[in-house]
Amino acid sequence: MPDTEVRTAIDALRADFRARLAAATTDRDLDALDAAFLSRKNGSVTALLKQVGTVPPDERREFGRLVNAFKTEIESAIEEKRGAVAATRRPAGAIDPTLGSRPIPIGRIHPLMRVRQEVEDIFARMGYEILEGPEVEDDYHNFEALNMPPDHPARDMQDTLYLGVPIAGGTWGAHRGRVPEAQVRAATLLRTHTSAMQIRYMKTFPPPIRLIVPGRVYRRDQLDLSHTPMFQQFEGLVVGRGITLADLKGTFEAMLRDLFGDVRVRLRPSFFPYTEPSAEVDISCQSCGGSGCGTCKHTGWLEILGSGMVHPAVFEAVGYDPDEVTGFAFGMGMERVAMLKYGVDDIRLFYENDLRFLEQFPL
Amino acid sequence: MRILLSWLRELVDIPDSAEDVARTMSTRGFAVEGIETVGTGDAVIDFEVTANRPDCLSVGGMAREVATAYGVKLRTRGPGASPSGSRGGPKGPAPRSSALQITIENPDLCPRYVGAVADVELRPSPTWMQTRLEAAGIRPISNIVDVTNYVLLELGQPMHAFDHARLAGPEIRVRTARPGETLRTLDGQLRTLSPEMLVIADAERATAVAGVMGGGNSEVSAATKTIVLESAYFNPLSVRRTSKKLGLKTEASVRFERGADPATAVNAMRRALALIEMIGAGRARGGVIDRYPARIKPGVLRLRREKIAGLLGTAIPDRDVRRMLERLGFTLAPAPGGWRVAVPTRRVDVRREVDVIEEVARHYGFDRLPTTFPALTTAPPPVDPRIQRARDLRSALTAAGFFEAVTFGFIAERAAAPFAGEGDLVPIANPLSELFAVLRPSLLPGLMDAVAHNRRREQRDVRLFELGARFMRSTGERQAVGCVWTGAGAPEHWSGSGRPVDFFDIQAVAERVCQALGVEVHTTPADERWLMPGRAAAVFANGTRVGVVGQLAESIADDHGLPGNDPVYAAEIDLDALPPAAARRAVRVEPLPRFPSVVRDISILVDEALPATDVRATIRDAAPPTLVRVSEFDRYQGKGIPPDKVSLSLRLTFRSSDRTLTDAEVQDAMTRVIAALKEKNGAVQR
């Protein structure tokens, strides 16, 4: 084998080695590479060295130098690569961070209570007192004092759930000291609105008043897409000298924009026995921006709460002088707010407590 | 109230766009339920008329509102005017008394009764009349019945026609029903009347329930040749009570119970007789008989400028006030500071000055009112601690993996029974269904239903809580928090750290609830009908029982339809029984310990039945005050432990606030502890 052939053979082996070295990524790859070139039995470099007999005697020295230099080159290249592979190897005790983490269970606040807390916070910022009242009431506070005497059409038996036996109602206002109206002594019905607390509060405290009463109310309604026999309401009451319908308007604009974002607010005349004038409050439909769609029955507006100026008969019932003070009151359904805010189209979802529904709300 | 647009436009000059009218009127207090196109270019607008406005339950009534809203004139029409505009009307004296006698025995219940007699021939009414009735949702029957319904729609006055030949007398007697008197009403039902009900009778028997429904015994039919027409004003309360008691609601009763207009009765009668003549249904026999023993006068109210501005937040110009109110039919006379306003009798809703101000505001437009903000004149009162308590509980429980549920306040009696003592449930007198028969004595049955709902929907791990009231006869309404937990205690994980929930998980939840409210509690074994024996405990705070915790009895789980046999653990805490929240707001920080603590472990063998709390109490009593903590860290039964015994390992931590404890004094303490355990609890050290 002449010198030139030897050089050609080494160059071919080198090209092969370099390619395979570049592809090697593990210690096993490198072991295989080492064996393929340097194994005593069948390494390709070993095989080349064994051909020394075919080399002319005067070139054997040079042959040995060339092949051994190549052998050293391979050895150090593999060694170097071993260092590089070792540097990328996972340390002992390494974990696989792509595995699933260990869950930390976390629950959610009910969407109706999210709404409730949000509304509470908005009114708290406006300086309102927040109070809870009893859920079972007597006829006087739920109806009569609210300008709904017996036989008033608005208090149809159909709407009210009555108790089979009178019971003591819950207390309220313990933190305000001795409150004479704090206890419902003989409740005969489930309150049909949180307005009953207007009477209890005004009979206890003098004006001025800024009050919010969140809570459950009950009506004799069948369960369907938009009705439940129990629902959540907010009662609001503002009483003082010179409170006007314009104040009511300003308050709702501020509150509803805080709650729903950039919406327009309008008042429509309506009727409630305990307010005069009475107004339904609408917000512009967010689904269509007010141009009309299925959600808003093509009116561009969504009814959101009922309100009005406190009826003088209500002031008279609690011993306030309607010539001295005026005020406004309102009632807002939390379900309605939650349905609009969260895009819920079936009210029953709020009462099924399906985890697949509840977990859609943020922490 | 379904109003045909073309009919309305006969009375007022308004745009022919139903949408325009609907939009305008909805800002005047008449929400629109819907608009239907009918025929060619006509429409029916369905207005929602609030309960206080019976005067708008007619085309004429709505027309007055529409005229005011658009600032146009209301066309007043003679009683005989036909839809195409011709006029007519019955003339002449009232019919001879031999034709009809009218007697009102109860003028308080029937202040006015207008009657007339007409000779008729029953046939279908003309198409234009039928079309108008159908547009309003009323089925055409015959020319005579249709005329009464037409007048009802046009003027809002309910009318009734009797067959003259079938009236004994012939006579109309307005009286209360006799005891036990019965009447088959036009709907075919035999009604038993009671003595407070007002009836229209002939000389012998009741022939109609006044203001509610006519009777079959005087019903007009094809054979009818002569009719008696009725146009009356009945006491609203009387009609309402009768209608409610009979469970019978009609177009007539709805109007009478809200308040008809006594002033319209005669006009309506004239209009009906004119229509009968006009459509060729017959002729009036003479004029009308008007009995009006209890005259109802229009109310007169004062209206002060200052009050308008005081309530609305802006002054309304005098001329606007006058113009709007006069269009609505009010009569204004100047008075100091404002006006004296005469209220038309149809406006039963206007009884006080504010009611008049509402009329002004309505037609001035709520949208034109300014937007202001009420000034704060006093410091806001403190927030109800219950509001904060609810928030604290929500934070603590959601952090513990619990989802907040909201369930109904009433449940089925069967579900409630295990949670209340004998006779302690509060029944609902008029429940919607068996499912909502009693007020809940506990939050847990509702939560169990929610657990079952989720379990049936592939949710194995369920943790729910609810805040709310529960009710019992003995204790009334009280606030509570309930928690239920089933499935995993620690969630499933590839590392194998998952495990099913057990008693000590729910016990921790009960403790966490109380801790969140600043109350330390302990649990002791208890018996509850709805908990599994041996898996139930009472929760105590300062010696007061505040709640219960444990594993639900299987029978309860079965009753709620819970699939599978996984145990369900529950806790309920009476929030009203916990000490007031004010105390937990006062925080005083303790200095941090400056000296190291010494820890000693002991293992003892005690009776299995010995409560751990007894062991801890023995240790605390025997140890010096330097013992700051005792906790169990192992409990073992099985190999090497005699049956009925348990090996308990406890860790004791000693620390002093003023020095480093010596080994000797800790050893001394341990010796005393071990001796005490041996003596008091029969413990054997292992």
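Trainee: Why is B:F410 called buried?
Mentor: The term buried applies under 20% relative accessible area, exposed applies over 50%, and partly exposed covers what lies in between, with a 1.4 Å probe and protein chains only. B:F410 has 2% relative accessibility, so this residue counts as buried. Please keep in mind that this is a predicted model, in which local features need pLDDT of at least 70 and side-chain atom pairs count only at pLDDT 80 or more, while totals for chains, interfaces and linings use all residues. Residues are numbered from 1 along each chain as its sequence is written, chains are lettered from A and ligands numbered from 1 in the order in which they are written, and side-chain values use heavy atoms, with hydrogens and water left out.

Trainee: Which residues does B:F410 touch, not counting those up to four places away in sequence?
Mentor: With contact meaning heavy atoms within 4.5 Å, B:F410 touches A:L161, A:L190, A:Y218, A:P229 and A:M230 of chain A, and B:I428, B:L435, B:F436, B:V438, B:L439 and B:R440 of chain B. B:F410 itself is found in strand β20, residues 410-411 of chain B, where helices (H or I, at least four residues) and strands (E, at least two) are DSSP runs numbered from the N terminus.

Trainee: What makes B:S631 buried?
Mentor: Its relative accessible area is 18%, so B:S631 also receives the label buried. B:S631 lies in strand β31, which covers residues 627-636 of chain B, and, leaving aside neighbours within four places in sequence, is in contact with B:S649, B:L650 and B:R651.

Trainee: Turning to chain A, how many helices and strands are there?
Mentor: Chain A has 12 helices and 10 strands.

Trainee: Why is chain A called more spread out than a compact globule?
Mentor: The radius of gyration is taken over C-alpha atoms, and the globule rule is 2.2 Å times the number of residues to the power 0.38. For 363 residues that rule gives 21 Å, whereas the radius of gyration of chain A is 42 Å, well over that value, so chain A is more spread out than a compact globule. Along the principal axes, the C-alpha atoms of chain A fill a box of roughly 130 × 45 × 40 Å.
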